[in-house]
Amino acid sequence: FGDDWDHRVLVESIATAGAAAHRALCLDGARACPPEDCGGPHAYADPLAALGDPSDERHADLTDWIGQFDPEAFDLDIVNRKLARLRV
């Protein structure tokens, strides 16, 4: 829908032999994936601020829509489980 997110991926090495040759592996990362339809990088700060401020009039509606959301959360195990399903 035109949110225009850009993500940077740094490939540090490519294995050409052995068991890891056909597997993508994430070594590190930062922050949670933004919620769907949050408006893209330019609009993301607005709902993020409202989610973090229980006194904000939009807080309850956004929490109902998005649920509990920690923008700083990054789970390396979840990312690697998802990558393990890919055939590269």
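Tutor: Helices (H or I, at least four residues) and strands (E, at least two) are DSSP runs, and they are numbered from the N terminus. This is a predicted model, in which local features need pLDDT of at least 70 and side-chain atom pairs count only at pLDDT 80 or more, while totals for chains, interfaces and linings use all residues. Residues are numbered from 1 along each chain as its sequence is written, and side-chain values use heavy atoms, with hydrogens and water left out.

Student: OK, how many helices and strands does the protein have?

Tutor: The protein has 4 helices and 0 strands, which gives the pattern α-α-α-α when it is read along the sequence.

Student: And what percentage of the residues count as buried?

Tutor: Of the 88 residues of the protein, 17% count as buried. Here buried means under 20% relative accessible area and exposed means over 50%, with partly exposed in between, all computed with a 1.4 Å probe on protein chains only.

Student: Which contacts do residues 24 or more positions apart account for?

Tutor: A contact means heavy atoms within 4.5 Å. Among the contacts in the protein with a separation of 6 or more, 69% come from residues 24 or more positions apart.

Student: Let's switch to charges. How many salt bridges turn up in the whole structure?

Tutor: A search of the whole structure finds 3 salt bridges, where a salt bridge is a side-chain nitrogen of Lys or Arg within 4 Å of a carboxyl oxygen of Asp or Glu. Side chains of opposite charge can pair when their charged atoms come close.

Student: Which salt bridge does Arg 31 make, then?

Tutor: The side chain of Arg 31 meets that of Glu 72 in a salt bridge, at 3.1 Å from N to O. This pair links distant parts of the chain, since Arg 31 is in the segment before helix H1 (40-43) and Glu 72 is in the loop between helix H3 (59-66) and helix H4 (76-84), 41 residues apart. The C-alpha atoms of Glu 72 and Arg 31 are separated by 4.3 Å.

Student: Are those two buried or exposed?

Tutor: Arg 31 counts as partly exposed because its relative accessible area is 37%, whereas Glu 72 counts as exposed because its value is 53%.

Student: What else does Glu 72 touch besides Arg 31?

Tutor: Leaving out residues up to four places away in sequence, Glu 72 touches Ala 32 as well as Arg 31.

Student: And what about the phi of Arg 31?

Tutor: Most residues other than glycine have a negative phi, and most peptide bonds are trans. Arg 31 has a positive phi of about 70°, although it is not a glycine.

Student: Now the other salt bridges: which residues does Arg 58 pair with?

Tutor: Arg 58 forms a salt bridge with Asp 46, the closest N and O atoms being 2.8 Å apart. Arg 58 is in the loop between helix H2 (45-51) and H3, and Asp 46 is in helix H2, so this pair, 12 residues apart, also links distant parts of the chain. Arg 58 also forms a salt bridge with Asp 56, again with the closest N and O atoms 2.8 Å apart.

Student: How accessible are Arg 58 and Asp 46?

Tutor: Arg 58 counts as partly exposed because its relative accessibility is 30%, and Asp 46 counts as partly exposed because its relative accessibility is 46%.

Student: Changing topic: where does Asn 80 lie, and is Asn 80 buried or exposed?

Tutor: Asn 80 lies in helix H4, and it is buried because its relative accessible area is 16%. Not counting residues up to four places away in sequence, Asn 80 touches Ala 24, Leu 25 and Cys 26.

Student: Last one: where is Arg 23 found, and how far is Arg 23 from Leu 86?

Tutor: Arg 23 is found in the segment before H1, and it is partly exposed because its relative accessible area is 45%. Arg 23 and Leu 86 are 63 residues apart in sequence, yet their C-alpha atoms are 7.3 Å apart in space.
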